[in-house]
Amino acid sequence: MGLLDGKVAVITGAAQGIGLEIARAYVAQGATVVLGDVNVEAAEKSAADLGGRALGVRCDVTSEDEVNALVTRAVDEYGTVDVMVNNAGITRDSTMRKMTLEDFRLVLDVHVTGSWLGTKAAGAVMRERKSGSIVNISSISGKVGNIGQTNYSSAKAAMVGLTKASAKELAYLGVRVNAIQPGLIRTAMTEAMRQDVWDSKLAEIPMARAGEPAEVANVALFLASDLSSYMTGTVLEVTGGRYM
Ligand SMILES: NC(=O)c1ccc[n+]([C@@H]2O[C@H](COP(=O)([O-])OP(=O)(O)OC[C@H]3O[C@@H](n4cnc5c(N)ncnc54)[C@H](O)[C@@H]3O)[C@@H](O)[C@H]2O)c1
């Protein structure tokens with residue numbers, strides 16, 4: 001018996017990194033997964049590597065048409081959407097003095113508009129069935145604010161507001177919405193970091209190590225499953241104790 005037996009999950013930005021680990025954890029617990037990613041070749045390859053119950057689909061989360069098409073594809077192929085994970089993300093770090101308006105808007109668009117579109121599209125399916133779980137991947141950067149991340153910290157804090165407001169709108173319909181704030185997790189996004197920046201972040205972590213994508217995925221599994229059946233509008237930190 002798996003925690004997600006018979007469930008259908010849509011995960012954005014799932015071609016690699018945390019999103020792919022979430023897909024792996026869900027498949028291991030019996031779910032069918034649809035991986036949406038702007039990098040469709042990578043999404044298709046990752047879906048094939050996961051096994052038969054996974055599909056890779058092109059989706060730019062900033063496009064309403066593409067997010068709607070992603071959710072519709074899951075419904076057409078597998079009958080419904082039980083779990084939606086808004087995970088797609090990018091960084092465009094620089095201090096505010098140097099940051100362009102374009103890079104500010106782009107980061108807000110991917111994280112905030114993308115999660116709003118995903119919540120709206122999946123929520124529309126879930127409310128009809130009076131059941132579902134939506135998981136938004138925020139960041140501890142949205143709680144504390146990081147130098148060089150006025151765009152990213154704004155976006156990740158906005159995702160908390162989105163989580164709480166949509167949780168209130170959907171609770172009476174049986175749909176739960178929760179967020180995760182990962183800290184320093186070892187993925188392509190953080191491996192691009194300068195060594196001295198990585199070291200200074202590491203020094204702030206009580207557990208004295210970076211997290212692995214699978215350690216975020218296990219929390220996303222908990223929030224997707226009935227183990228968290230009485231939780232909505234919450235924000236779970238997965239940080240090794242950093243910024244507690
Ligand atoms: N790695 C960390 O330390 C960390 C910490 C906190 C939060 N996060 C968040 O976790 C999520 C996943 O990050 P990751 O570290 O796995 O990054 P990653 O760069 O490894 O993966 C991000 C994925 O999102 C996809 N993507 C980017 N823009 C997209 C768009 N417009 N539409 C659809 N897909 C798009 C990319 O193609 C990629 O496959 C992000 O939301 C990120 O902000 C990561």
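This report describes the surroundings of the ligand, then a pocket and a cavity in the protein.

The structure is a predicted model, and every value below was computed from it.

**The ligand and its shell**

Around the ligand there are 29 residues, and those that come nearest are Gln16, Asp37, Asn87, Tyr152 and Thr187. Sorted by class, this shell holds 15 nonpolar residues, 11 polar residues and three charged residues. Several helices take part, for two or more residues of the shell are given by each of helix H1 (17-28), helix H4 (101-129), helix H6 (150-170) and helix H7 (188-191). Of these elements, H7 makes the largest contribution to the shell, with three residues.

| Residue | Protein atom | Ligand atom | Distance |
|---|---|---|---|
| Asp60 | polar side-chain atom | nitrogen | 3.0 Å |
| Lys156 | polar side-chain atom | oxygen | 3.0 Å |
| Gly183 | backbone N or O atom | oxygen | 3.2 Å |

Another part of the structure to look at is the second largest pocket, whose volume is about 270 Å³. Its lining is made of 18 residues, and the ones that lie nearest the centre of the pocket are Gly132, Ser133, Gly174, Arg176 and Asp226. Two strands are involved, because strand E5 (132-137) and strand E6 (175-182) each supply at least two residues of this lining, strands here being DSSP runs of at least two residues. When the lining residues of this pocket are divided by class, seven are nonpolar, seven are polar and four are charged.

**The cavity**

When the whole structure is searched, one cavity of 30 Å³ or more is found, and the largest cavity has a volume of about 30 Å³. The residues that line the largest cavity are Thr12, Val61, Asn86, Asn87, Ala88, Val110, His111, Gly114 and Ser115. Helix H4 gives the most to this lining, with four residues. By class, the lining of the cavity consists of three nonpolar and six polar residues, with no charged residues.

Definitions and conventions
Residues numbered from 1 in each chain as written. Predicted model: local features only at pLDDT ≥ 70, side-chain atom pairs only at ≥ 80, totals over all residues. Heavy atoms only, no water. Near = heavy atom within 4 Å. Polar contact = N/O pair within 3.5 Å; in protein donor to acceptor, adjacent residues only side chain to side chain. Nonpolar A, V, L, I, M, F, W, Y, C, P; charged D, E, K, R; others polar. 1 Å grid on protein atoms, 1.4 Å probe; cavity = no way out; pocket = protein on both sides within 12 Å on 5 of 7 lines; lining within 4 Å. Points joined across faces, edges and corners; volume = space filled by probe spheres on them.
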